[in-house]
Amino acid sequence: RSYARDAAAAYTIAMIMDGPVPLQPNLEQQGVMASGSVSGGINTGTQTIINFYKDSGGKESNATLLRERLDEYLAWLRGNTAHIRLQGIERTGEAPVVKLPLDTVFVPLRAEMSSRPAGEDVRNAMQGMLQRRRSRIAPDEARNIDLEQLQRDIRFDELLSLGPHLVIIGGPGSGKTTVLTYIAWALATSLLDRNDLAHQKLGLTGDLPLPIFVPLASFARYLQTCQSMRERTLAAFIPQFLEESQATFNLPEDFFAQLLKSGRQVMLLLDGLDEVAGEDDRALVRETIEKLVTARPQMRTVVTCRTVAYKERSALGGFQEVSVKPLDFEEHVTPMVRQAYRFIFAHAPAEAKTQADDLLAQIERLEEDRQQRAGNADDRLVSTPLMVRLLLIVHYNERRLPDQRADLFEKAVNALVQVDYARDERVRQQVALNWKRHRDIAQALAFHLHSQGSHQGREIAEARLIEVLSKQADHQPHLDGFLTQARTRGGLLEERNGVYHFIHLAFQEFLVARHLCFVVGTAGVSASVAFLAERLTDPWWREPTLLLAGYWSSASTPAGRELLQQLANTGETAEEKFSAVELASTSALEWRDCPADVRSELAQRIAKLFSDRDMCIAASPVVRARAGRALSQLADPRTGVGLRLDGLPDIDWVLIPVDGEFIYGDESEKNGPRKLHLPDYKISRYPITYAQFQAFIDAPDGFRNSRWWEGLAVDEENRRALGIQSFKYANHPRENVSWYDGVAFCRWLSDKLGTEVSLPSEQQWEK
C-alpha cells in the first residue's frame with residue numbers, strides 16, 4: 001500500500017484496466033464479509049443514510065437490521081470494485097487475468113473543464129478550489145495561478161467539488177470507468193471501516209453518500225422491456241440489476257427507491273452513456289437521468305461518456321463537463337508500468353525493475369522513432385491507459401516493441417476491434433461476434449483513405465465511406481454493424497458529426513500494411529514492391545512500407561528476405577534508389593532475426609551508392625543522412641570510418657601533394673590573399689567518427705592517461721562527460737569535443753601509429 005501513498009504523481013495503471021472484476025455472489029469466498037456488522041460504535045455515515053431512508057417514508061423501521069444489511073451491500077460493492085484486471089498475460093498454468101488491488105495501484109488522474117462552468121454553484125466551487133490551491137503553495141507561485149489555469153488542470157481530489165452533477169468524457173480506454181470504480185470503492189470502504197479515506201482521496205466533506213454503480217447499457221436494455229411508465233426509472237431498475245448480479249444482501253424492496261426519492265446521501269455512478277446502442281436509446285436514457293436529477297438538485301450524479309458520443313441528443317443539461325487529459329510519460333506512463341510489474345513479479349523485485357526499465361525504454365524509442373518519421377512531437381502513440389495496457393501485455397508476452405512493431409500493432413488492432421475494455425458483458429459478447437470481419441472492413445477503409453494522400457487521407461464522411469465499402473460484396477452485410485460499433489463504442493474508429501477517422505494514424509498505417517500483405521500481396525512479394533515503387537520518396541507511405549516489411553518478415557523468413565532484396569534494388573532516380581535501400585535497411589534493423597547475409601548485402605548496397613559522386617549530388621541531404629544512419633547500424637564496411645583489426649582508428653589518409661603554390665586568404669584579411677608553399681601532408685578523408693574517438697576513450701592507456709594532456713587546459717567536468725557519453729551512430733562525426741580533447745587524441749594516435757598526427761593547421765585545412 002505504501003506504493004500508492006508514495007506515488008502521488010501518476011494517473012496510472014488503474015486507468016488501463018477493464019474495470020472491476022465480475023460481480024460475485026458469495027462474499028465469504030472473496031474474504032470481504034461485512035465489516036460494519038460487528039458490534040461496537042455507530043457508523044455515523046450509514047446511520048445518516050438510514051435516517052434519510054426512514055424520513056422519506058421507508059417501510060423498514062428496524063435500524064439495527066437496516067445497518068447490518070446496508071453494510072452487507074457496501075461489503076458486496078467493495079468486494080466487486082476492489083480489484084482491476086489486466087487481461088492477456090500469458091502465464092503457463094495460471095489464469096489469463098492478473099488481478100491488481102485497486103487501493104494500491106490507483107493514483108489520481110488529471111482533467112480539464114471541457115465547457116464553461118455550468119451555473120453559479122460551479123463558479124463558486126471554482127473560486128473555493130482556487131483559494132485552497134493557492135493556500136498550499138508559496139505566495140509567489142500562488143499569484144501565477146488563476147481560474148483559467150485551474151480549469152485546464154483539475155486534480156482528482158478536486159473533481160467532486162465542482163458540483164453535484166458531473167459528466168466525465170474522454171476517448172476510448174482513457175480510464176473513465178476506473179474513475180467511477182475508485183469512487184465507489186473509496187466510499188464503500190470509508191462507510192464500512194468508519195475512516196476518512198473518501199474525504200482524503202475524493203475531497204468530500206461532511207457525511208458520505210451511498211454509492212450506487214449503474215452500467216447504463218444494462219439500464220437501456222431494461223427500459224426496452226418495461227411495460228409501464230412507472231417502471232421506467234433508475235429506482236425501479238437498481239434492485240432488479242442487483243438481483244441479476246446475484247447479490248446476497250436483503251435490503252428492503254423500497255430502500256433505493258426511497259433514497260432516490262429524497263435525493264440526499266446518494267451518489268449515482270452512471271457508467272458508459274456511449275455504450276447505449278442507438279441514438280434514440282441514448283436520448284431516452286439521457287432524458288431519464290435529467291428527470292431524476294432536475295427534481296433533486298442536491299443528489300450527486302457522475303456520468304461517463306466517450307467524447308465523440310457526447311453530443312446533441314446525448315448531452316446532459318445542467319451537468320458540468322470535464323475531460324480526461326492525455327497521459328504524460330513521466331507523470332503517468334512510468335509509474336503505471338512500474339506498478340504493474342511490481343505486482344506481476346511480486347516475489348522478484350529485481351526482475352520487476354528490469355522488465356519495467358526495458359518496457360519504458362522501448363516505449364520511449366517507439367515514440368522517438370515515430371516522431372522522427374512523422375516529424376510531430378505532439379502526435380504521441382501512448383497517450384491513453386488503454387495503449388499502455390496493450391504495450392504492457394505485448395511486452396510481458398516476450399515481444400520487443402520497436403523490433404516487432406507489426407506484431408505489436410496486430411495484437412493491438414485485434415484487441416481494439418474486439419473492444420475488450422467494454423464494461424458491459426453483453427456489449428463485449430456482441431462486439432466479439434464479428435470482430436474479424438470488422439477488422440477486414442477497417443483494413444479496406446484504411447487503404448482507401450491512405451491512397452488519397454496526406455491532405456485528404458485522414459478522414460471520410462459516412463456517405464462516402466458507405467459508397468466505398470459497399471463496392472466489396474463481402475463487406476456489405478456487415479457495414480451497419482461496423483458503423484454502429486464505430487458510433488457507439490469506437491475502438492479503431494471515431495465518428496464526429498458523420499465524419500470518421502482512425503483513433504491514431506499509426507493504426508491506419510498498420511492496416512494499410514496489412515492490406516498490402518494480404519490483399520495486394522496475394523500475387524506475391526513482387527506485387528507489393530511494385531505498388532510501393534511509385535511511392536518510395538513519399539513520407540506518407542514510409543510507415544506502411546516499414547510495417548509491411550515487418551509483416552512479411554515475421555510471417556516467413558524467405559518472404560522477408562525476398563521483399564528486402566527486391567525493395568533495396570528498386571528505384572530509377574538517385575532519390576528513389578537511396579530511399580529504397582534505406583527503407584529496406586531500416587526494415588532489416590527492425591527484423592530481429594534478419595539473416596546476416598541480407599544485412600551485409602544492404603550495407604554494401606548503401607556503400608556503393610555513397611561511392612558514386614553523381615548519385616550523392618543528385619540525392620537530397622535528408623535521404624542521404626537516413627541512409628548513412630542505417631549504414632552505421634548495419635556496420636559500415638567503408639575504409640576510414642571505423643576501427644582496424646587491432647582496435648585502432650582506421651583512418652583513410654588522402655595525400656595532399658606540394659603541387660606548387662596555392663592562394664591563401666582573401667581580400668577581407670589585412671594582408672589580403674597571398675601565395676603559400678606547403679610540404680606534402682596527408683589528411684583524413686572523413687572527420688573522426690564516434691567509433692574512432694571511442695577507441696581513445698576506452699583504451700587502458702588512452703583518454704585517462706595524463707601523458708596526453710600535459711600542458712593542456714583540462715576541463716575535468718567535460719572530460720567526465722566525454723568518458724561516459726554514448727553514441728548511437730558509430731560512423732557519425734564525433735561532436736562535443738574541445739580543441740584540447742582533439743590534441744590529446746592526436747598525441748595518443750601518434751604514439752600508436754609511430755608517426756606524427758596532428759589537427760590540421762589553418763593553412764593545411766584551407767588548401
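**Close-up views of a predicted model**

**View 1. Gly-173 sits in the loop between β5 (165–170) and α10 (176–193).** Helices here are DSSP runs of H or I with at least four residues, strands are runs of E with at least two, and both are numbered from the N terminus. With 14% relative accessibility, Gly-173 counts as buried (buried is under 20% relative accessible area, exposed over 50%, partly exposed in between; 1.4 Å probe, protein chains only). Residues are numbered from 1 along each chain as its sequence is written, and side-chain values use heavy atoms, leaving out hydrogens and water.

**View 2. Seven strands form an open, mixed sheet in the order β4-β3-β9-β5-β8-β7-β6.** At the edges, β4 (154–155) and β6 (210–215) each pair on one side only; pairing takes at least two DSSP bridges between two strands. Strands β3 (110–113) and β9 (320–324) run antiparallel over 3 bridges, and Ala-111 has Val-324 as its bridge partner in β9.

**View 3. Asp-153 and Arg-110 form a salt bridge, with their closest N and O atoms 3.1 Å apart.** The term means a side-chain nitrogen of Lys or Arg within 4 Å of a carboxyl oxygen of Asp or Glu. Asp-153 lies in the loop between α8 (147–152) and β4, and Arg-110 in β3, so the pair ties together parts 43 residues apart in sequence.

How values were computed
Predicted model: local features only at pLDDT ≥ 70, side-chain atom pairs only at ≥ 80, totals over all residues.
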